Amino acid sequence: VGPATVPVADLEIDLDIEWDIDNRVYLWGARVRRDVDESNALYVADFVEWDLIDSERERGLAARFTAWLRAQRSTAMASGQTLKVFHWSHPERSKLISILGLAEVGDLVDPENGVFVDLEKVFKSNFISLHGSSIKKVAPIFGFAWRVANPGGAISQTYLSTARSSNNPDGVAAAKEWLLSYNEDDNAAMAAIRDGMSCWAQ
């Protein structure tokens, strides 16, 4: 009944990862928004490895993302601003810990003092969904729609395979564009869910 209690921050980063069939994370996609203002939202796709990756390259990619995230936090703190990193369910937090180790990323993911917020848990604490709590089910409730057709992790593997192995440059470019668009919208969906929950009045 009425608006839900939803965490907010001066600097909000929505985070969504993508992994390949070997369960290696090849993309840390982030969407940055300031002052709960959609007009200034910016998608950051700097942390991606399109070629096949081994554990060393996976660690390197995660480390680059983590360094960027810490820089964002430091800049926010220097300006007296708050920062939160929103993700849906556990994979982003779990993968960061499994790849780099809790000792390395504990300051970011600690439940009490870190910056990570599981938005699915926030949703479940305020709503009951008869059709499950996957982001693909929840976001449309708040009016969000993905730009790509049939968005989902399974079909994304088909596009990733094309991006990695096709001899057609146009096909490779189109596959990468699809994957980045899909990931960007996963992030944007979280922002839409937060905004929708905040003003829910039914």
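**Figure 1. Helices and strands of the protein chain.** The protein chain contains seven helices and five strands. The model shown is predicted. Read from the N terminus, the order of the elements is β-β-β-α-β-α-α-β-α-α-α-α.

**Figure 2. Overall dimensions of the protein chain.** Along the principal axes, the C-alpha atoms occupy a box of roughly 55 × 35 × 30 Å. A compact globule with 202 residues would have a radius of gyration near 17 Å, and the protein chain, with 17 Å, therefore agrees with this value. Of the 202 residues, 46% count as buried. Among contacts with a separation of 6 or more, 68% join residues 24 or more positions apart.

**Figure 3. The crossing of helices α4 and α7.** Two packed helices are described by the angle between their axes and by the distance between the axes. Helix α4 spans residues 119-126 and helix α7 spans residues 169-198. Their axes come within 11 Å and cross at roughly 30°. Angles under 35 degrees count as roughly parallel, and α4 and α7 are therefore roughly parallel to each other. The crossing of the two helices is left-handed.

**Figure 4. Residues in the contact between α4 and α7.** Which residues of α4 and α7 make the contact? Helix α4 contributes Leu119, Val122 and Phe123, while helix α7 contributes Met190, Ile193, Arg194 and Met197.

Notes:
Residues numbered from 1 in each chain as written. Predicted model: local features only at pLDDT ≥ 70, side-chain atom pairs only at ≥ 80, totals over all residues. Heavy atoms only, no water. Axes fitted to C-alpha atoms, helices over the stretch in contact; angles between N-to-C directions. Helix = DSSP H or I, 4+ residues; strand = E, 2+ residues; numbered from the N terminus. Parallel < 35°, antiparallel > 145°, perpendicular 65-115°, else oblique. Left-handed = near helix turned anticlockwise from the far one by under 90°. Contact = heavy atoms within 4.5 Å. Rg over C-alpha atoms; globule rule 2.2 N^0.38 Å. Buried < 20%, exposed > 50% of the residue type's maximum accessible area, 1.4 Å probe, protein only.
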